[in-house]
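Please open the structure in a viewer and keep the selection tool at hand.

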Amino acid sequence: MTAPGNEEDAMTRRWIEHWDPEDDEFWETTGKRVARRNLWFSVFSEHIGFSIWTLWSVVVLFMGPAYGFSAADKFLLVSTPTVVGAIMRIPYTFAVARFGGRNWTVISAVLLLIPTVLTAIVLHPGTSLGTFVLMAALGGVGGGNFASSMANINTFYPERYKGWALGLNAGGGNLGVAVIQLVGLLVIGTAGATAPRLVLYIYLPLIVIAATCAALFMDNLASVRGDTKAMREVVRYGHTWVMSLLYVGTFGSFIGYSFAFGLVLQNQFGRTPLQAAAVTFLGPLLGSLSRPIGGWLSDRIGGGRVTFATFGAMALATVVLVLASSADSLATFTAAFIVLFVLTGIGNGSTYKMIPAIFQVKARAAIQAGADEATELRNARRLSGALIGLAGAIGALGGLFINLAFRQSFAEAHSGVPAFVGFLVFYAVCVGVTWFGYLRKPAVRAQVALAGAEV
């Protein structure tokens, strides 16, 4: 066992028995350094996981007429890893408590080799749609990496830095979407649209590096070991389901649009694979970079306020998308879509800052009533980690709904407008829920619980 702050050789580092980030002296002398090291390598592994999860947003751009697939078939292929990734997030959240954060990061990274290798084998014209759907489903394991990474990093950081840390962790992971799309653009631009395997060959060594770095440089926290009951406890809280709904609107939008952006450009505006790939990476890139900003703003002015404003702006951007689609204005459509990506990133950061604040307020109330401080703060960390995993799983399903909506919209109306109208209604609902639950005057307690800055 390693003592707190003991910088033994990385090969022997496994478990940290004592961890108290809320203790200022411990944090400054030991905790900060250890937490940052785990954060950076967690980001790297999660980044690769996101890339493999969203691999099919790139692969479908390579699928020309020789593959014989319709637009609806391609939307099915990008929808499949979305739903599998969402489902995988729940067991991945449990895995941190069962195996340890470091250990599970290694395992989850190695698992990415399975869809990457198998897809490289079958990726050619003539392969059946069913086989490709299976490969896309296997790629969904990459979506689970986010939940385990966020649950793990949540336990390392004190409350006052969680907005920044979780935003950076998630933002760095989300960048995997943009990076694999940039890799796809590079391959299409240099080797052409008939060499999709090159994308997979690039990622195989990166997966091995991610697993190796996690094994050498990350730690497990004994304080969360064996705790598999938190999920059963957290489902009893009403805030759990409210936060899950809001996360459908933020992260669900981000991941759904990341999968669909290129296909929408191809089917609505007749873009070629190269033309689509040259634009699609910008949305996920800027959306990922804006996520830490959402957490940073929430640390200062409150997660509830930032989330409310973000959903309002997302609704306005969606109105512009409907108008641009009706006017067949590619430039306006592309600009509005990229703005929408940025807003999803900000909302991702603000909603995840709200989650630990709920249980921090509950813990402070219990402490004031005479409960043990260390026990209550530890309980707050375990419950917020469970909610992060559950909300992440439910939120990711929003990506499935978005791609199914686009699939139906293009099949029936040959346009994305009906889908965008549906998204607009949902964002309006999220605006109302955020205001009603956390910002109106009679909801002062809920506002304090979620505002972040006031906690």
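Select Gly 171 to begin; this residue lies in helix H8. The model is a predicted one. Is Gly 171 buried or exposed? With a relative accessibility of 3%, Gly 171 counts as buried.

**A pair of helices**

Next, select residues 238-269, which form helix H11, together with residues 330-368, which form helix H15. The axes of these two helices are 9 Å apart, and the helices pack at an angle of about 160 degrees. Because angles over 145 degrees count as roughly antiparallel, H11 is described as roughly antiparallel to H15. The crossing of H11 past H15 is left-handed. If the residues in the contact of H11 with H15 are coloured by class, 19 are nonpolar, 10 are polar and none is charged.

Asp 24 belongs to helix H1 (residues 24-53), whereas Arg 160 sits in the loop between helix H7 (141-156) and helix H8 (162-191), so the pair ties together parts that are 136 residues apart in sequence. Asp 24 is partly exposed, at 49% relative accessibility, and Arg 160 is likewise partly exposed, at 36%.

Remain in helix H1 and select Lys 32 and Glu 28, which both lie in that helix, four residues apart, or about one turn.

For the next pair, select Arg 364 and Glu 373. Arg 364 is partly exposed, having a relative accessible area of 34%, and Glu 373 is partly exposed at 42%.

**Cysteines**

Turn now to Cys 213 and Cys 430. The count of disulfides in the model comes to zero. Cys 213 counts as buried, at 17% relative accessibility, and Cys 430 is buried as well, with a relative accessible area of 0%.

**Two loop residues with positive phi**

Select Asp 328, located in the loop between helix H14 (303-327) and H15. What is the phi of Asp 328 near? The angle is near 55 degrees, a positive value in a residue other than glycine. Asp 328 counts as exposed, with 52% relative accessibility.

Finally, select His 414, found in the loop between helix H16 (373-413) and helix H17 (417-439). Although His 414 is not a glycine, its phi is positive, at about 55 degrees. His 414 is exposed, with a relative accessible area of 63%.

How values were computed:
Residues numbered from 1 in each chain as written. Predicted model: local features only at pLDDT ≥ 70, side-chain atom pairs only at ≥ 80, totals over all residues. Heavy atoms only, no water. Axes fitted to C-alpha atoms, helices over the stretch in contact; angles between N-to-C directions. Parallel < 35°, antiparallel > 145°, perpendicular 65-115°, else oblique. Left-handed = near helix turned anticlockwise from the far one by under 90°. Nonpolar A, V, L, I, M, F, W, Y, C, P; charged D, E, K, R; others polar. Buried < 20%, exposed > 50% of the residue type's maximum accessible area, 1.4 Å probe, protein only. Disulfide = S-S within 2.5 Å.
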